[in-house]
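Have the structure open while you read.

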Amino acid sequence: MLRSRWSVLLLRVALVVAALWLLVLMAMSLPGELRDEAPAFRVPAQIVLTLVLASVLVVIVCIWRLLTLVQRDRLFSDASRRWVDAIVWALAIGWSLLAAGALTVTTVIFLTPEIRDPGIPMALFGVVVLSSLPMLLMIVMRGLLRQATGYRAELDEVI
């Protein structure tokens, strides 16, 4: 239990640092980076990127709640399934926004002869594919949690 307590504490510290970093990024870095862009690009980009980062913040809150369930030995319960479902939905929404933004940027690049370059679309493609992996992993983990919860209920009946 001592090792679990330390793991939970270290993970909570990492979650706080990540959340603070994301808030600074949303409040200061994104507006500063996009200030020289045309409003037709700046405003939609700011909205999409802020929503993507907000979905990551939702995931951080859900992980925090799951850690609370771990500490209370309630991980294999319906409450944990709800938090895992919230993580999957937040990741799906964030990924969809990221994919739509990447597709839009790629379309603009290919339709504008002056800036046509395959490098940025290929990088965006990689980001979109790699960012789908946490969502797909959470879907698999949700299935495993569902199975483990069922086994725990059966075990509780036997005992």
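1. Starting with the largest pocket: its lining residues split into 17 nonpolar, two polar and two charged. For these classes, Ala, Val, Leu, Ile, Met, Phe, Trp, Tyr, Cys and Pro count as nonpolar, Asp, Glu, Lys and Arg as charged, and the others, Gly among them, as polar.

2. Some housekeeping. This is a predicted model, where local features need pLDDT of at least 70 and side-chain atom pairs count only at pLDDT 80 or more, while totals for chains, interfaces and linings use all residues. Residues are numbered from 1 along each chain as its sequence is written, and side-chain values use heavy atoms, with hydrogens and water left out.

3. The largest pocket has a volume of about 520 Å³ and 21 lining residues, with Phe41, Ala45, Gly101, Ala102 and Val105 nearest its centre. Two or more lining residues come from each of helix 1 (2–34), helix 2 (39–71), helix 3 and helix 4 (119–158). Helix 3 gives the most, seven residues. Helices here are DSSP runs (H or I, at least four residues), numbered from the N terminus. A pocket is an open set of points on a 1 Å grid over the protein atoms alone, where a 1.4 Å probe fits, with protein on both sides within 12 Å along at least five of seven lines; lining residues have an atom within 4 Å of a point. Volume is the space filled by probe spheres set on the points, which are joined across faces, edges and corners.

4. The second largest pocket holds about 240 Å³. It has 14 lining residues, and Leu66, Val84, Met138, Met141 and Leu145 are the closest to its centre. Helix 4 gives the most to this lining, with six residues.

5. Now the largest nonpolar core: it has 12 residues, including Leu66, Val84, Met138 and Leu145. Helix 3 supplies the largest share, five residues. A nonpolar core is a set of buried Ala, Val, Leu, Ile, Met, Phe, Trp, Tyr and Cys residues joined through side-chain atoms within 4.5 Å. A second, separate core of 10 residues includes Val8, Ala19, Met26 and Leu57.

6. Have a look at Ser80 too, in helix 3 (residues 78–111). Why does Ser80 count as buried? Because its relative accessibility is 0%, and buried means under 20% relative accessible area (1.4 Å probe, protein chains only). Leaving aside neighbours within four places in sequence, Ser80 is in contact (heavy atoms within 4.5 Å) with Leu66, Leu69, Arg74, Leu75 and Leu145.

Key
Buried < 20%, exposed > 50% of the residue type's maximum accessible area, 1.4 Å probe, protein only.
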